Amino acid sequence: EGQFSGLGTNTLDISPNRPRGHMGEDLGRVSLTWDDGQAILRAVSGVTEVVPIVASGAIVHHAEESSDAFIIGTTAPFQDVRGFYVERGRFISPLDDRTRARVCAVGQKIVENLKLVGDPLGQSISVLGQDFRIVGVMETRG
């Protein structure tokens, strides 16, 4: 805890990584699972929350408009752990997590780029061919 507090943060990002093998050697894919996160939560004192993040670039659509976007798949505690909150509406909730609801919070740039007319809350966008209902608009960041 002392070493981490010296970094000026109370969060730690853990990403799967496999060292390179010998030339031509297929080492397979490394991934972290939900159970891995829960094991860290149980076994490491001082860890109070584990928030999974899956991130990727994608093209999002609404009506005839489309936009490049950085997509983050996560769970409800994300905004508190990352200190990044919604400005309007709400963030995904624990109930959304449990029911796997197709809801999202979007950034202001997505609202602008997709030309969402009126209140974006309740409108739908398509991400990788799946529709998601907008429940929140994130605060603007630099």
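Is Arg141 buried, partly exposed or exposed, and at what relative accessibility? I looked it up: Arg141 counts as partly exposed, at 47%. I use buried for under 20% relative accessible area, exposed for over 50% and partly exposed for in between, with a 1.4 Å probe and protein chains only.

**Basis.** I am working on a predicted model, in which local features need pLDDT of at least 70 and side-chain atom pairs count only at pLDDT 80 or more, while totals for chains, interfaces and linings use all residues. Residues are numbered from 1 along each chain as its sequence is written, and side-chain values use heavy atoms, with hydrogens and water left out.

**Salt bridges.** I searched the whole structure and found 5 salt bridges, each a side-chain nitrogen of Lys or Arg within 4 Å of a carboxyl oxygen of Asp or Glu. One of them joins Arg141 to Glu139, at 3.9 Å from N to O. Glu139 is partly exposed at 25% relative accessible area.

I then looked at Arg82 and Asp13, whose side chains meet at 2.7 Å, N to O. Arg82 lies in helix 3 (78–82) and Asp13 in the loop between helix 1 (2–5) and helix 2 (34–43), so this pair ties together parts 69 residues apart in sequence. I take helices (H or I, at least four residues) and strands (E, at least two) as DSSP runs numbered from the N terminus. Arg82 is partly exposed at 37%, and Asp13 is exposed at 54%.

Lys115 forms a salt bridge with Glu65, the closest N and O atoms being 3.5 Å apart. Lys115 is in the loop between helix 5 and strand 5 and Glu65 is in strand 2, so the pair ties together parts 50 residues apart in sequence. I noted Glu65 as partly exposed, at 27%.

**Backbone.** Lys115 also has a positive phi of about 50° although it is not a glycine, and it is exposed at 54%. Ala63, also not a glycine, has a positive phi of about 55°. I placed Ala63 in the loop between strand 1 (54–62) and strand 2 (65–73), exposed at 69%.

**Largest pocket.** I read about 1,500 Å³ of space in the largest pocket. Of its 43 lining residues, Ile71, Ile72, Gly73, Thr74 and Cys104 are the closest to its centre. A pocket here is an open set of points on a 1 Å grid over the protein atoms alone, where a 1.4 Å probe fits, with protein on both sides within 12 Å along at least five of seven lines; lining residues have an atom within 4 Å of a point. Strand 2 gives the largest share of the lining, 7 residues.

Definitions and conventions: Grid points are joined across faces, edges and corners, and a volume is the space filled by probe spheres set on the points.
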